[in-house]
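Please take a moment to look over the sequence and the three-dimensional structure shown below.

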Amino acid sequence: MPYSPQEEANLLAVREGLENASKDFTKFFESTFAPDVKWTIAGHGPVARTYNGLKDLFDNAEEALFARFAEPLAISTEGVWADGDEIFARIKSSSKAIDGEPYRNEYMYIMKMQDNKVVSGIEWLDLNAYYEIIGRVKL
């Protein structure tokens, strides 16, 4: 079944955002997420919760992770699909921690779109990899 014009526009916005962020994942959030996005990290532990806005997300989850990298977090897009105003994206990431060890993760995002921006969504990732680097690499 073909995508609607709105689904195609949403797909384009997310695909372009991911492509432009291939060498630095932070660029995807900056270009594609609304500043007041409501974003949930699924799972257990201190970062698994709903964040209200990009500032909340970066200050309380992403900043601690990105500070431990020796180089930006690179991503590859495994697939992007649309259903109505929701976009689904499967993403892989890799970087090197400041202690020289590799970091890799995989994500599944479900993003609700409005005006070509992500306004809410949920993310699944390997939180063990997140917590491991946080615990291992002291700042």
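Predicted model: local features only at pLDDT ≥ 70, side-chain atom pairs only at ≥ 80, totals over all residues.

Residues are numbered from 1 along each chain as its sequence is written, and side-chain values use heavy atoms, with hydrogens and water left out.

Rolling a probe the size of a water molecule over the atoms shows where empty space is left. Here a cavity is a set of points, on a 1 Å grid over the protein atoms alone, where a 1.4 Å probe fits but cannot get out; its lining residues have an atom within 4 Å of a point. Grid points are joined across faces, edges and corners, and a volume is the space filled by probe spheres set on the points. By this rule there is one cavity of 30 Å³ or more, and the volume of the largest cavity is about 60 Å³. Its lining includes Phe25, Ile41, Glu62, Tyr107, Glu123 and Tyr130. Two or more lining residues come from each of helix 3 (54–66), strand 5 (102–114), strand 6 and helix 4 (127–136). Helices (H or I, at least four residues) and strands (E, at least two) are DSSP runs, numbered from the N terminus.

One of these lining residues, glutamate 123, belongs to strand 6, which spans residues 117–125. A salt bridge requires a side-chain nitrogen of Lys or Arg within 4 Å of a carboxyl oxygen of Asp or Glu. The side chain of glutamate 123 does make a polar contact of 2.7 Å with that of tryptophan 39. Such a contact is a pair of N or O atoms within 3.5 Å; within protein, one must be able to donate a hydrogen and the other to accept it, and residues adjacent in sequence count only if both atoms are side-chain atoms.

Methionine 111 lies in strand 5 and is buried, its relative accessible area being 0%. Beyond residues up to four places away in sequence, methionine 111 is in contact (heavy atoms within 4.5 Å) with residues including Phe28, Trp39, Asp85 and Val118.

Side chains of opposite charge can pair when their charged atoms come close. The structure contains six salt bridges. Among them, aspartate 56 pairs with arginine 49 at 2.9 Å, N to O; aspartate 56 is buried at 17% relative accessibility, and arginine 49 is partly exposed at 31%. Aspartate 85 pairs with lysine 112 at 3.6 Å, N to O. Because aspartate 85 lies in the loop between strand 3 (74–83) and strand 4 (86–96) and lysine 112 in strand 5, this pair ties together parts that are 27 residues apart in sequence.

Within helix 4, arginine 136 and glutamate 132 stand four residues apart, about one turn of the helix. Salt bridges with shared partners join Asp99, Glu132 and Arg136 into one network.

Definitions and conventions:
1 Å grid on protein atoms, 1.4 Å probe; cavity = no way out; pocket = protein on both sides within 12 Å on 5 of 7 lines; lining within 4 Å. Buried < 20%, exposed > 50% of the residue type's maximum accessible area, 1.4 Å probe, protein only.
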